[in-house]
Amino acid sequence: MKKKYDNFKFEFVKKCQLCNSKKIQAVHSFGFHPTVNDFLITNDLHSKINFFPLKLLFCKECELVQLNVIINSKTIFPENYAYRSGTTRILKENFNKLKNEIELKKLLKLNNFIIDIGSNDGTLLSNFKGKYKILGIEPTAVSKIANSKGIKTINKQFNYDQAKNIKKKYGKANLITATNVFAHIEDIHQVMKSIKLILKKDGVFISESHYLFDLISTLQYDTVYHEHLRYYSLRSLKKLFSLYKMEIFDITKIPTHGGSIRVYSSLKGKYKISKNVIKLLKKEQTGRKFEKKLLNFSRNISISKLKINSLIYKYKLMGKKIVGISSPSRSSTLINYLGLDHNIIDYICEINGSLKIGKNIPGTNIPVVDENILFKDQPDIAIVFSWHIYKELVKKIKKKGFKGKFMIPLPNPKII
Ligand SMILES: [Zn+2]
């Protein structure tokens, strides 16, 4: 720890977040990292930045892969948190597909009640507006955007007290959704209890989470950061639900965040279990095979660091100017893990309007600038930090007039 301030509290994970076992082992240590949305104003010489340990662990008992520290959620998700789901095209499309899938499966009737946990700017719920009763819960200020669009959103953290309030005021839901928040909320058991409290007996709970086996196979270690407390396999989710007499009855693999799973669950015995669930469970390695996979993963992460840095080193020695394109949350993990600074990466561009412009990449002096600078400056190489969607990005940037080369850092660094 470099320094700990009173309002920046964190706890070490001493027992498994899922099954409470103390048989937890390290998978990989990334050293000390700032939280990924801690963007401080460029040229502010006296800014305080906090570094926390970042390590992946796994539980020998239930095999859940998880983080070694839990940082106070107010620190990680400040009121001014800059992430908006409505601005990401892939997410928009995903929510539309989710709605179609739900209707195809005939899980809803007209005027049924839907609750979205971590509803962000209301993008998901906007697909259901009109035909169904909808309610969002969102702890950050983005909830205002949802409310202004006519999507009723409670600006609160989702917890058991909040669930009790919802049940009293609005009744139980036919459908509850939680997309990409299931890994973020500190106390997963409180979430499960709260969901059960507001879900009807024949209700359906749909969660979307980054899928551990995709994360490993495509080497997305840059998605390991303090916001993501747990990295789910299907069987770890199955174990979690079974503790609450719930079961998974269907799954869909989806492309969001570079490989996620959409999981349909309900109280036990309410819906027929689809073959998709059985097939994927069979495919997931367990025991010794799983441990070996994790060892390999850790080795590949270390090798990846060497590969990316040696490529950057090669071009730097040739006198090339290197910058970055886009600063998603994951870029903070990669940049800090690689140990890059402003002498190596001059700046990182964001599209006009981004709240990150004029600030530094967390933990570094690399400034985030308006992307127009890229087209004027025409540096030799631009590292694409949103590499999981690089095809789309490269096309766009080229079309706008960038003539240099692109470096795609992961899973295997390449220049295109
Ligand atoms: Zn466990």
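An open sheet of mixed pairing is built from six strands, arranged in the order β18-β16-β15-β19-β20-β21; strands here are DSSP runs (E, at least two residues), numbered from the N terminus, and two of them pair if DSSP finds at least two bridges between them. Its edges are formed by β18 (368–370) and β21 (414–415), each of which pairs on one side only. The structure is a predicted model, in which local features need pLDDT of at least 70 and side-chain atom pairs count only at pLDDT 80 or more, while totals for chains, interfaces and linings use all residues. Residues are numbered from 1 along each chain as its sequence is written, and side-chain values use heavy atoms, with hydrogens and water left out.

Within the sheet, β15 (residues 322–325) and β16 (residues 348–350) run parallel and are joined by two bridges. Gly 324 has Ile 348 of β16 as its bridge partner. Helix α13 (residues 390–399) lies across β15, β19 (381–384), β20 (405–408) and β21, at about 165 degrees to β20. Helices are DSSP runs (H or I, at least four residues); contact means heavy atoms within 4.5 Å, and angles, from 0 to 180 degrees between N-to-C directions, refer to axes fitted to C-alpha atoms, for helices over the stretch in contact.

A zinc ion has as its protein donors the SG atoms of Cys 16, Cys 19, Cys 59 and Cys 62, lying 2.3 Å from it. Donors are N, O and S atoms within 2.8 Å of the metal (3.2 Å for Na, K and Ca); water is not among the atoms, so sites may look incomplete. Along the chain, the donors of the zinc ion follow the spacing C-x2-C-x39-C-x2-C. The arrangement is tetrahedral because the four donor atoms subtend angles of 102 to 114 degrees around the zinc ion, the criterion for four donors being that all angles lie between 85 and 135 degrees. Cys 16 is buried, with a relative accessible area of 1%, whereas Cys 19 is partly exposed, at 29%; buried means under 20%, exposed over 50% and partly exposed in between (1.4 Å probe, protein chains only).

Key: Tetrahedral: all angles 85-135°; square planar, octahedral: opposite > 155°, others 65-115°.
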